[in-house]
Amino acid sequence: MNRQEKSEEIGALKKLLDGAQIAVVADYAGLTVASMVELRSELRKSQGRYRVVKNTLAIIATQETELKGLHTNLKGPVGIVYTKGDAAGTAKTVTAFAKTHPEFKVRGGVLADGTVLNAQGIEALSNLPGKDQLRAMLLGTLMGVPTKLVGIFAAVPGGFVRLLAARQRALSGEA
């Protein structure tokens with residue numbers, strides 16, 4: 001790779017990783033091409049991507065970014081999983097893939113704010129609900145309050161109507 005190709009690759013890596021919510025470094029040695037295709041297709045579902053990188057170029061590309069915490073894991077043949085979307089969803093995908101493919105080993109990663117995570121941290125992040133699940137939980141909570149309030153307001157007149165109906169049955173001798 002000549003100097004021009006290297007600078008183009010560094011620019012491409014900077015562009016890809018700019019705005020990434022999470023970046024995870026993983027060993028890929030021993031994975032078949034079919035497994036790599038499977039990983040990439042699973043990652044696309046959670047808006048994630050996987051890229052095999054040259055370590056020195058990745059170090060240069062992330063040198064002055066929040067992702068510089070990746071540098072300690074960039075040794076040997078590795079790839080970077082990254083997403084600009086849901087970090088927890090991507091962590092779930094990576095963790096699930098690593099469990100079914102033992103040759104794929106997660107080394108660690110970095111969140112968008114610069115928080116460095118080890119393999120256990122990535123697994124802990126994968127146990128958190130994703131953005132869509134959190135939104136659904138929030139929406140359920142917000143919708144529960146008005147529903148209960150309407151139920152309370154409807155209970156008072158409903159109870160009064162039942163009381164009048166019971167009184168009418170008592171007076172007419174039906175009860």
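**Contacts and cores**

Modeller: Phe104 touches Ala26, Asp27, Leu31, Leu39, Tyr50, Val81, Val94, Phe97 and Ala98, leaving aside residues up to four places away in sequence. Please keep in mind throughout that this is a predicted model.

Colleague: Which residues touch the most other members of the largest nonpolar core?

Modeller: The largest nonpolar core has 19 residues, and a few of them touch the most other members. Strand S1 (22-27), helix H2 (33-45), helix H4 (87-100), strand S4 (105-111) and helix H5 (119-126) each supply at least two residues of this core, and H4 gives the most, with four residues. Apart from this core lies another, of 17 residues, which includes Leu13, Leu17, Ala58 and Val110. The members of the largest core that touch the most others are Ile22, Val24, Tyr50, Val81, Val94, Phe104 and Ile122.

Colleague: Is strand S3 largely enclosed or left open by the rest of the structure?

Modeller: In a regular strand the side chains alternate between the two faces of the sheet. Six of the six residues of S3 are buried, so S3 is largely enclosed.

Colleague: How many bridges join S1 to S3?

Modeller: S3 pairs with strand S2 (residues 48-52) in the antiparallel sense over five bridges, and within that pairing Arg51 has Ile80 as its bridge partner. S1 and S3 also run antiparallel, with Ala26 standing opposite Gly79. The number of bridges that join S1 to S3 is six.

Colleague: Why do the buried residues of helix H3 line one face of the helix?

Modeller: In H3 (residues 55-62), the buried residues are Asn55, Leu57, Ala58, Ala61 and Thr62. Seen down the axis of H3, these buried residues line one face because they fall within an arc of 160 degrees.

Colleague: What is the radius of gyration of the protein chain?

Modeller: The C-alpha atoms fill a box of roughly 100 × 35 × 25 Å, taken along the principal axes. A compact globule of 175 residues would have a radius of gyration near 16 Å, whereas the protein chain has 27 Å.

Note on methods: Residues numbered from 1 in each chain as written. Predicted model: local features only at pLDDT ≥ 70, side-chain atom pairs only at ≥ 80, totals over all residues. Heavy atoms only, no water. Buried < 20%, exposed > 50% of the residue type's maximum accessible area, 1.4 Å probe, protein only. Arc of directions from axis to C-beta. Core = buried A, V, L, I, M, F, W, Y, C linked by side-chain atoms within 4.5 Å. Contact = heavy atoms within 4.5 Å. Rg over C-alpha atoms; globule rule 2.2 N^0.38 Å. Pairing = 2+ DSSP bridges.
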